Amino acid sequence: PGKRPLMREMAEKEAEAASTDIEDKTNRILKEVKTVYFEISHVYRAREVTQRNKQIFETLAKIAETRYATGEGIQQDVLKAHVQISQMADELIMLNQKGVALEAKLCSLLNRPQGWPTGEPEELIYGRFTFTLGALQTTALDSNPTLKAMKTMIEAKEKAHGLAKLEYYPDFRVRFAYGQRDDYPDGRERMNMLTGMVEMNIPIFFESKQSRKVAETLAEIQTFQAQYGAMKNEIFYMIASMASMVQRTERQLELYKTGIIPQASIQLKSALSAYTVNKVDFMTLLDSQMTLYRYELEYHQALTEYEKNLASLEAAVGKRFLR
């Protein structure tokens, strides 16, 4: 008595542990889809920034050509401007190629035919994600698919251990049989037959069989508990590492938005004003424009990395964040 319920519960726990594989794969695919989507968004934004700055450099090149033609500038300024324009044209070619490759990867992840129109991603808008490391790690204990599967397997092994203990007790089997008999040759009626039987197996060799099974299942529980502890520590480390990267990127984004880019814009305006009255040379103006261009690209790259880190953090915790 009690063995069949334990066998059923053990099978249910094993099936539950196996079903978490689907959840784990779902989380991984979601992470990959988000990562590719954010990279595509970065390609679009980088292309916009590069195209806009290329047009600015073309305007600067015309100014340099005009000043050179009137004897107020030098040929080196013109050549330098055209070199920057050529570099940006090359950058646009590479961005276009990268965008095609990323869109093909997104189609593959979404199980869409190649060439399926993905459309232009929405521009990423920075939104601060408030969290505490302890809360994320506590959530992971209940939500991370790997930890859930290992915890369920421990419960399944505990059921197996309880089942092994019940093997010390005998199994009972009760049988009933009904036999219908033909009448005698002379016509007399013969009584039908009803028989019953009770069987019981006695575990005589429990030291060599049942005791070893109990020890085996106990060792399996301890093994899974040790593996669970190691995996929990590893996932906690991953969450701490990713949370640290998210916080670092948050500080970078705040610095770009409130300090670096506005200051670079002011510097460019100042250089442009000074150049028009011949107080600075063309190279200084060009350098100021390139600096702003580089910072704009770095800001979009940092924003992309921020969203990718959050996607990785979601996969590690096993739960989507609401922002």
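Visitor: Is the crossing of α3 and α5 left-handed or right-handed?
Guide: The crossing of α3 and α5 is right-handed. A crossing is called right-handed if the near helix is turned clockwise from the far one by less than a right angle, and left-handed if anticlockwise. Helices (H or I, at least four residues) and strands (E, at least two) are DSSP runs, numbered from the N terminus.

Visitor: Before we go on, what sort of model is this?
Guide: This is a predicted model, where local features need pLDDT of at least 70, side-chain atom pairs count only at pLDDT 80 or more, and totals for chains, interfaces and linings use all residues. Residues are numbered from 1 along each chain as its sequence is written, and side-chain values use heavy atoms, with hydrogens and water left out.

Visitor: Back to that pair. At what angle do α3 and α5 pack?
Guide: Helix α3 (residues 133-143) packs against helix α5 (residues 210-276) at about 140°, and their axes are 10 Å apart. The axes are lines fitted to C-alpha atoms, for helices over the stretch in contact, and angles run from 0 to 180 degrees between N-to-C directions. That angle makes α3 oblique to α5. Angles under 35 degrees count as roughly parallel, over 145 as roughly antiparallel, 65 to 115 as roughly perpendicular, and the rest as oblique.

Visitor: And which residues make the contact?
Guide: From α3 come Leu133, Leu136, Gln137, Ala140 and Leu141, while α5 brings Tyr228, Lys232, Phe236, Ile239, Ala240 and Ala243. Contact here means heavy atoms within 4.5 Å. By class, the residues of this contact are nine nonpolar, one polar and one charged. Ala, Val, Leu, Ile, Met, Phe, Trp, Tyr, Cys and Pro count as nonpolar, Asp, Glu, Lys and Arg as charged, and the others, Gly among them, as polar.

Visitor: Let's zoom out. How many helices and strands are there?
Guide: The protein has six helices and two strands. Reading from the N terminus, the order of the elements is α-α-α-α-β-β-α-α.

Visitor: Why is it more spread out than a compact globule?
Guide: The radius of gyration is 36 Å, well over the 20 Å that the globule rule gives for 323 residues, so the protein is more spread out than a compact globule. The radius is taken over C-alpha atoms, and the rule is 2.2 Å times the number of residues to the power 0.38. Along the principal axes, the C-alpha atoms fill a box of roughly 140 × 45 × 30 Å.

Visitor: How much of the protein counts as buried?
Guide: 36% of the 323 residues do. Buried means under 20% relative accessible area, exposed over 50%, and partly exposed in between (1.4 Å probe, protein chains only).

Visitor: Now α1. How do α1 and α4 cross?
Guide: Helix α1 (residues 3-69) and helix α4 (residues 145-166) have axes that come within 8 Å and cross at roughly 165°, so the two are roughly antiparallel. The crossing is left-handed, and the residues of the contact divide into 11 nonpolar, five polar and 10 charged.

Visitor: And what about α1 with α2?
Guide: Here the axes of α1 and helix α2 (residues 75-109) come within 8 Å and cross at roughly 160°, so this pair is also roughly antiparallel. The crossing of α1 and α2 is left-handed. Their contact has 21 nonpolar, eight polar and 11 charged residues.

Visitor: Can we pick some single residues? Is Leu163 buried or exposed?
Guide: Leu163, in helix α4, counts as buried because its relative accessibility is 13%. Beyond its neighbours within four places in sequence, Leu163 is in contact with Lys3, Leu6, Met7 and Met10.

Visitor: What about Ser288, buried or exposed?
Guide: Ser288 is in helix α6 (residues 282-317) and is buried, at 3% relative accessible area. Leaving aside neighbours within four places in sequence, Ser288 touches Gln267, Leu268 and Ala271.

Visitor: And Ile22, buried or exposed?
Guide: Ile22 sits in helix α1 and is exposed, with a relative accessible area of 58%.

Visitor: Last one: where is Asn111?
Guide: Asn111 is in the loop between α2 and α3, and its phi is near 60°, a positive value in a residue other than glycine. Most residues other than glycine have a negative phi. Asn111 is exposed, with a relative accessible area of 69%.
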